[in-house]
Amino acid sequence: MKKLDNRGLSLIELVVSVSLLSVIMLTVFSVMDFGQKSFYALNKSGDIQTQASNIVSFISSQVRECRNITSSGSSSSLELINKDGQSVKFEWDGSSALMYFEDDVKIRSLSSDIQSMEFVSSKDSVEITIQLKSDGESFKLKTSVYRRY
């Protein structure tokens with residue numbers, strides 16, 4: 001009976017196995033990198049959409065509860081008289097920030113990522129168009145809000 005020679009792997013077997021392992025690892029890391037980049041892009045997109053939605057929701061709540069909509073003649077600002085009789089103003093400064101005022105006192109800045117903002121008001125409604133841009137992602141939201149009586 002002949003004995004088998006079990007001294008280990010040959011050089012060719014070793015090179016082939018390392019090459020196969022390298023190809024498999026390269027594929028796995030490429031898929032992981034693609035997944036990570038996709039997650040980051042979707043996360044940025046979701047953040048900017050949420051920010052636009054929150055701004056429009058805040059303005060909408062003020063419009064719905066106001067006594068009167070007064071227009072300043074500018075499409076970049078909106079003036080209201082709230083249910084307490086206070087003057088409420090939303091003003092986009094043309095660069096990036098949307099300011100919120102009560103009785104001509106600046107309360108806070110609502111956002112710093114605004115690329116464009118437009119208000120078109122009538123006696124009982126306001127059409128709001130907002131476009132935000134952050135880290136290369138852009139999102140535009142347009143809605144009409146009607147005042148409640």
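Let us start on the surface, where Leu21, Ile24, Met25, Val28, Phe29 and Met32 make a nonpolar patch of about 590 Å². A patch here gathers residues with over 30% relative accessible area and no salt bridge, with nonpolar side chains (Val, Leu, Ile, Met, Phe, Trp, Tyr) joined within 5 Å and like charges within 9 Å. A salt bridge would be a side-chain nitrogen of Lys or Arg within 4 Å of a carboxyl oxygen of Asp or Glu, and the areas come from the Shrake-Rupley method with a 1.4 Å probe.

Before going on, please note that this is a predicted model, in which local features need pLDDT of at least 70 and side-chain atom pairs count only at pLDDT 80 or more, while totals for chains, interfaces and linings use all residues. Residues are numbered from 1 along each chain as its sequence is written, and side-chain values use heavy atoms, leaving out hydrogens and water.

Methionine 25 counts as partly exposed because its relative accessibility is 37%; buried means under 20%, exposed over 50%, and partly exposed in between. Helix α1 covers residues 11-64, and its end C-alpha atoms are 79 Å apart, which agrees with the 80 Å that 54 residues should span at 1.5 Å a residue. That expected span is 1.5 Å times one less than the number of residues. Helices (H or I, at least four residues) and strands (E, at least two) are DSSP runs, numbered from the N terminus.

Which residues of α1 are buried? They are Ser45, Ile48, Ala52, Ile55, Val56, Ile59, Ser60, Gln62 and Val63. An α-helix has 3.6 residues a turn, so residues three or four places apart point the same way.

Now for the strands. Five of them form an open sheet with antiparallel pairing, in the order β1-β2-β3-β4-β5. β1 (68-70) and β5 (105-111) stand at the edges with a single partner strand each, so one side of each has no neighbour in the sheet. From one strand to the next, the twist averages 20 degrees. Two strands pair if DSSP finds at least two bridges between them.

Strand β4 (residues 98-102) is mostly covered, with 4 of its 5 residues buried. β4 pairs with β3 (residues 87-92) over 5 bridges, and valine 88 stands opposite glutamate 102. β4 also pairs with β5 over 5 bridges, where methionine 99 faces serine 109. β4 and β5 form a hairpin with 2 residues between them, and aspartate 103 in the turn has a positive phi of about 50 degrees.

Conventions: Buried < 20%, exposed > 50% of the residue type's maximum accessible area, 1.4 Å probe, protein only. Axes fitted to C-alpha atoms, helices over the stretch in contact; angles between N-to-C directions.
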